[in-house]
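Student: Could we go through this structure together, one question at a time? I would like to learn how each answer is reached.

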Amino acid sequence: MVGSMFGLWVLMGIGFIASTMHLGSPLRAFNSLNRMGASSLSNEIASGAIFFAVGGIGWLLAVCKKLPAGLRSLWLVVTMVLGVIFVWMMVRVYNTIDTVPTWYTVWTPLSFFLTLFIGGPLLGYLLLRVAGVDGWALRLLPVVSLLALLVSIMVVVMQGSELATIRSSVQQASALVPDYGLLMAWRVVLLALALACWCVPQIRGRKPAVSLLGLAFVLILAGEMIGRGVFYGLHMTVGMAVAS
């Protein structure tokens, strides 16, 4: 199982590299740490670096068989807690900007954490499947993702209705992404197809093939990329006045 986590850290590395692209140069990430505690961006980068370092070191020690089983379990728990803190720090980067009314809502943290609960269980199941791990508890993971998808659909509907009430003197939020409904519908379709690839074989009494799980994960990535595109497309500033 430890060996199969290599793919997880590869994805983490790709994500970290991609996250530095908007800085112009990855080296500027070090400058972003200058205001830890006061800047949400600094806190995000610091918490992400700590999460990556603690998790990566723990994995490396486990691969080298330098980490006792008991300590490894504790290390995994600490890593998971740091991961949740990292996601919260991501949320704070956007949800603390009161001059961006479309992000300064409850839907921002909900969307970020729902992405975690939709895609996380599938990725975990995929890695465990590759490692040959089985157990009754794994059957609960699709339920978590399915419930998260249902909540996500409700969030999409409620956020869409709220956009019509947010406007400045020069701009209306609903006009920022005119195809909001269509794009979110495609997102839901992709996520539903991903869960179907995962759940249908189990309903039929079979284990889903690794290739099918891989396809499901790609579909979830595509769906969440649409969601992130819509999120950034909804950026607007207060201007002279905001009515809601």
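Student: How do the residues of the lining of the largest cavity divide into nonpolar, polar and charged?

Tutor: This is a predicted model, where local features need pLDDT of at least 70, side-chain atom pairs count only at pLDDT 80 or more, and totals for chains, interfaces and linings use all residues. Residues are numbered from 1 along each chain as its sequence is written, and side-chain values use heavy atoms, with hydrogens and water left out. Ala, Val, Leu, Ile, Met, Phe, Trp, Tyr, Cys and Pro count as nonpolar, Asp, Glu, Lys and Arg as charged, and the others, Gly among them, as polar. Sorted that way, the lining holds 8 nonpolar, 6 polar and 3 charged residues.

Student: Which residues lie nearest the centre of the largest cavity?

Tutor: On a 1 Å grid over the protein atoms alone, a cavity is a set of points where a 1.4 Å probe fits but cannot get out, and lining residues have an atom within 4 Å of a point. For the largest cavity, there are 17 lining residues, and those nearest its centre are Ser111, Gln159, Met184, Gly227 and Arg228.

Student: What kind of aromatic pair do Tyr94 and Phe231 form?

Tutor: Rings of Phe, Tyr and Trp (its six-membered ring) pair if their centres lie within 6.5 Å; planes under 30 degrees apart count as stacked, over 60 as edge-to-face and the rest as tilted. The whole structure has 10 aromatic pairs. For Tyr94 and Phe231, the centres are 5.3 Å apart and the planes are at 90 degrees, which makes the pair edge-to-face.

Student: Why does this pair tie together parts that are apart in sequence?

Tutor: Helices here are DSSP runs (H or I, at least four residues), numbered from the N terminus. Tyr94 lies in helix α4 (residues 69-95) and Phe231 in helix α8, so the parts that the pair ties together are apart in sequence by 137 residues.

Student: Is Phe231 buried or exposed?

Tutor: Buried means under 20% relative accessible area, exposed over 50%, and partly exposed in between (1.4 Å probe, protein chains only). Phe231 has 7% relative accessibility, so it counts as buried.

Student: What kind of aromatic pair do Trp103 and Phe231 form?

Tutor: Their planes are 10 degrees apart, with 4.9 Å centre to centre. By the angle, Trp103 and Phe231 are stacked.

Technical notes
On a 1 Å grid over the protein atoms alone, a cavity is a set of points where a 1.4 Å probe fits but cannot get out, and a pocket is an open set with protein on both sides within 12 Å along at least five of seven lines; lining residues have an atom within 4 Å of a point. Helices (H or I, at least four residues) and strands (E, at least two) are DSSP runs, numbered from the N terminus.
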